[in-house]
Amino acid sequence: MQQEKIAKLINEVVTKDPDINGLMVYNLPKQKVIATTFSSGDTKKFMKVEKLYMDVETNKATKIDPAGDRNWLMVSLNRKIVYSIRITDEVHLYGDLQPSEAPTAAIEDGLELALMIGRML
């Protein structure tokens with residue numbers, strides 16, 4: 001994998017965009033971080049939350065509504081906006097963003113970033 005290139009890319013994106021608090025690229029089934037801009041404590045916390053969410057989605061939600069695999073998700077949590085984008089079957093991009101009244105541009109930027117990372121894998 002191109003871990004160094006991915007790390008450099010997400011670091012540049014976070015540095016240039018003040019609306020992005022941090023980004024993480026990870027392998028969900030293996031619970032392995034490929035690259036992150038978060039502290040190690042925050043990285044562990046976000047990985048745990050993502051795993052719990054995906055387990056609930058897979059074991060509960062899809063049994064009721066078999067909509068297929070999730071490609072992306074954006075959630076507003078209190079004063080925070082987060083997104084998760086599936087790059088490959090195993091690799092995902094997680095973003096933590098500043099609050100916004102119109103966050104649709106953030107998911108568009110995230111999808112473009114996911115495409116760039118996908119090309120590096």
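This is a predicted model: local features need pLDDT of at least 70, side-chain atom pairs count only at pLDDT 80 or more; totals for chains, interfaces and linings use all residues.
This short talk walks through one protein chain, from its overall fold down to a few side chains.

Residues are numbered from 1 along each chain as its sequence is written, and side-chain values use heavy atoms, with hydrogens and water left out.

Let me start with the fold. The protein chain has 3 helices and 5 strands, where helices (H or I, at least four residues) and strands (E, at least two) are DSSP runs numbered from the N terminus. Along the sequence they follow the pattern α-β-β-α-β-β-β-α. Of the 121 residues, 33% are buried, and here buried means under 20% relative accessible area, exposed means over 50%, and partly exposed lies in between, with a 1.4 Å probe and protein chains only.

Now to the sheet. In general, strands of a sheet pair through backbone hydrogen bonds, either parallel or antiparallel. In this model an open sheet of 5 strands has the order E2-E1-E5-E4-E3, with antiparallel pairing, and two strands count as paired if DSSP finds at least two bridges between them. The edge strands, each pairing on one side only, are E2 (32-36) and E3 (72-77). On average, neighbouring strands of this sheet are turned by 20° against each other, direction ignored; such angles run from 0 to 180 degrees between N-to-C directions, and the axes are lines fitted to C-alpha atoms, for helices over the stretch in contact. Strand E1 (residues 20-27) is joined to E5 by 7 bridges, and the two run antiparallel, with Val25 standing opposite Leu93 in E5.

Which strands does helix H3 lie across? Helix H3 (residues 104-120) lies across E1, E3, E4 (80-86) and E5, and runs at about 35° to E4.

Within strand E5 (residues 91-97) I would like to point out Asp96, which is buried, with a relative accessible area of 2%. Leaving aside neighbours within four places in sequence, Asp96 is in contact (heavy atoms within 4.5 Å) with Ile20, Asn21, Gly22, Phe38, Phe46, Lys80, Ile81 and Val82.

Two of those partners, Phe38 and Phe46, bring us to the aromatic rings. A search of the whole structure finds 3 aromatic pairs. One of them joins Phe38 and Phe46 edge-to-face, at 4.7 Å centre to centre and 65° between the planes. For the cut-offs, rings of Phe, Tyr and Trp (its six-membered ring) pair if their centres lie within 6.5 Å, and planes under 30 degrees apart count as stacked, over 60 as edge-to-face and the rest as tilted.

Finally, how many salt bridges does the structure hold? There are 2, a salt bridge being a side-chain nitrogen of Lys or Arg within 4 Å of a carboxyl oxygen of Asp or Glu. In one, the closest N and O atoms of Lys45 and Asp42 are 3.6 Å apart; these residues are separated by about one helical turn, because they are 3 residues apart in helix H2 (residues 40-64). Lys45 is partly exposed at 46%, and Asp42 is partly exposed at 29%. In the other, Asp89 and Arg86 meet at 3.3 Å, N to O, with Asp89 exposed at 64% and Arg86 partly exposed at 22%.
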